[in-house]
Amino acid sequence: MSQQRLPPDTGPEHAGALPEYAERVLDVAERIPPGRVMTYGDVAEWLEEGGPRQVGRVMALYGGAVPWWRVVRADGVLLPGHELRALGHYRAEGTPLKEASRAADGHLPRLEMKRARWDGSGHADGSGHADGGGRVGGRGGGLPPSDVPPCDP
């Protein structure tokens with residue numbers, strides 16, 4: 001599978017519905033507890049499908065109504081173009097941050113990945129893996145999907 005393409009269930013025959021892979025990615029994003037994060041690669045690994053770029057693409061296209069700020073780059077850099085919005089969420093949720101040095105460009109903190117990273121344990125369903133089913137609209141908050149740019153893992 002190409003690093004740029006979503007899995008095959010995202011083709012034109014699924015144009016009216018949210019693709020199954022996207023459903024599964026968004027389900028994982030919704031399960032991440034407040035104050036914790038997963039990287040794009042963590043989400044792909046947890047789903048056992050796709051890779052960081054595919055997860056980033058799903059988040060860019062469909063992630064606006066889930067806690068998009070909890071799916072992050074592995075280096076802990078805040079989502080370019082959405083740093084201040086994400087930072088507000090991180091501070092409200094108590095997500096561990098590394099304050100930026102005065103020499104840092106923009107003086108923006110990074111996520112403290114060792115403390116903030118969530119391994120997917122402690123799920124309500126206890127399975128440790130997303131079941132991919134049962135999603136019906138109703139997501140609230142966040143950005144409109146077109147407002148979340150693709151990741152740069």
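The largest cavity is lined by Tyr40, Trp68, Trp69, Val71, Val72, Arg73, Val77, Leu78, Leu79, Ala86, Tyr90 and Leu111. On a 1 Å grid over the protein atoms alone, a cavity is a set of points where a 1.4 Å probe fits but cannot get out, and lining residues have an atom within 4 Å of a point. The elements giving two or more residues to this lining are β2 (71–72) and α4 (83–93), where helices (H or I, at least four residues) and strands (E, at least two) are DSSP runs numbered from the N terminus. By class, the lining has eleven nonpolar, no polar and one charged residues; Ala, Val, Leu, Ile, Met, Phe, Trp, Tyr, Cys and Pro count as nonpolar, Asp, Glu, Lys and Arg as charged, and the others, Gly among them, as polar. The largest cavity holds about 60 Å³ of space, and the count of cavities of 30 Å³ or more comes to two, a volume being the space filled by probe spheres set on the grid points, which are joined across faces, edges and corners.

The model is predicted, so that local features need pLDDT of at least 70 and side-chain atom pairs count only at pLDDT 80 or more, while totals for chains, interfaces and linings use all residues. Residues are numbered from 1 along each chain as its sequence is written, and side-chain values use heavy atoms, with hydrogens and water left out.

Two helix pairs involve α3, with axes as lines fitted to C-alpha atoms over the stretch in contact and angles from 0 to 180 degrees between N-to-C directions.

| Helix pair | Angle | Axes |
|---|---|---|
| α2 (residues 40–47) and α3 (residues 52–62) | roughly 105° | within 7 Å |
| α1 (residues 20–31) and α3 | about 85° | 10 Å apart |

Helices α2 and α3 are therefore roughly perpendicular to each other (angles of 65 to 115 degrees). Their contact (heavy atoms within 4.5 Å) brings Tyr40, Gly41, Val43 and Ala44 in α2 to Pro52, Val55, Gly56 and Met59 in α3, with six nonpolar, two polar and no charged residues.

Helix α1 is likewise roughly perpendicular to α3. Here Tyr21, Ala22, Val25, Leu26 and Ala29 in α1 meet Gln54, Val55, Val58, Met59 and Tyr62 in α3.

Note on methods:
Angles under 35 degrees count as roughly parallel, over 145 as roughly antiparallel, 65 to 115 as roughly perpendicular and the rest as oblique. On a 1 Å grid over the protein atoms alone, a cavity is a set of points where a 1.4 Å probe fits but cannot get out, and a pocket is an open set with protein on both sides within 12 Å along at least five of seven lines; lining residues have an atom within 4 Å of a point.
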